[in-house]
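Dear colleague,

Please find the structure below, followed by a short account of what was found in it.

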Amino acid sequence: MDIEPEVLALIQRAKRVTILTGAGVSAESGVATFRSYKEETKESLWSRYDPQKMASIDGFLENPNRVWQWYQWRRSELKSKKPNDAHKAIANWQESNEQTVKLITQNVDGLHQAGGSEDVIELHGNIWRNHCLQCQAEYKESVDGVENVIECPECGGQIRPSVVWFGEALPEHAWRDAESASYSCDLFLSVGTSSQVYPAAGLAALAKSQGATVVEINPEPTESLIIDYTIAIVASQFFGGLRR
Ligand code: NAD
Ligand code: ZN
């Protein structure tokens, strides 16, 4: 399926583009998505684990080492993953100065940066960073091979991965930037996200309320009513199609 000429023209005409990406953008890099199935195992990243235990403050407090070890496992899985054509095309688009292209991601894998994007609004944090649960200080030492939760050198608190867990607020500055990027765009591209995780999922509606056109790129389109155009192809094919 090609991108309809009408949509292509719309994308080319837009002055300010805001892109929101989700786990689907990293799927072609071999990173398991949140809800969809992983080809080889027929299991999603979370089906074997209780998200409430692995990705919540209560789960961490109940068993910090178990949660820490799960993140160490995820990091070891992610280590060999490379940015794909979608990540690279977005980075190139941001660099070409013809349009203002803002990038918001729900992904924590750092693949947008690895693909060359310098400006990434990370709504859900970044799995490669850690900070102290108690004093919030960033922990900058390498945690490679560290099996159990470490103590903060500043205050003795527990060091945790810097990702947003269920029930936690989004980083304030990231949310502010995401809101303003959504408010001020004339085209909002929602790519590879199931749009079920709020408040991120509300950004498209925010853009639309300010007059932006909302386009979804997802091989399994969501049923959101606010979407103006749906392009049911994988992310790399979409961004590849823009170049022609
Ligand atoms: P999700 O797993 O809920 O949805 C992924 C969506 O991507 C699905 O709708 C699927 O149809 C679509 N998709 C699959 N392959 C695609 C492709 N090649 N191109 C385009 N779309 C494709 O993911 P979400 O909406 O991002 O929400 C998941 C939450 O879990 C987020 O909060 C995120 O922080 C976290 N998470 C992050 C990563 C990561 O960093 N890579 C991975 C898993 C989960
Ligand atoms: Zn501390």
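**Domain contacts and ligand surroundings**

Eleven residues of domain 1 touch eight residues of domain 2, contact meaning heavy atoms within 4.5 Å. This is a predicted model, in which local features need pLDDT of at least 70 and side-chain atom pairs count only at pLDDT 80 or more, while totals for chains, interfaces and linings use all residues. Residues are numbered from 1 along each chain as its sequence is written, chains are lettered from A and ligands numbered from 1 in the order in which they are written, and side-chain values use heavy atoms, without hydrogens and water.

Domain 1 covers 5-31 + 83-124 + 169-243 and domain 2 covers 32-80 + 131-163; these bounds come from an automatic or database domain assignment. About 700 Å² is buried between the two domains, with carbon and sulfur atoms giving 64%; buried area is the accessible area (1.4 Å probe) that two parts lose on being put together, summed over both. Ala-23, Val-31 and Val-108 supply 48% of the area that domain 1 buries against domain 2, more than any other three residues.

Two of these residues also approach ligand 1 through their backbones: a polar backbone atom of Ala-23 is 2.8 Å from a ligand oxygen, and a backbone N or O atom of Val-108 is 2.7 Å from one. A polar side-chain atom of His-124 likewise lies 2.7 Å from an oxygen atom of ligand 1. Taken alone, ligand 1 exposes 860 Å², and the protein buries 92% of that (Shrake-Rupley method, 1.4 Å probe).

Key: A polar contact is a pair of N or O atoms within 3.5 Å; within protein, one must be able to donate a hydrogen and the other to accept it, and residues adjacent in sequence count only if both atoms are side-chain atoms.
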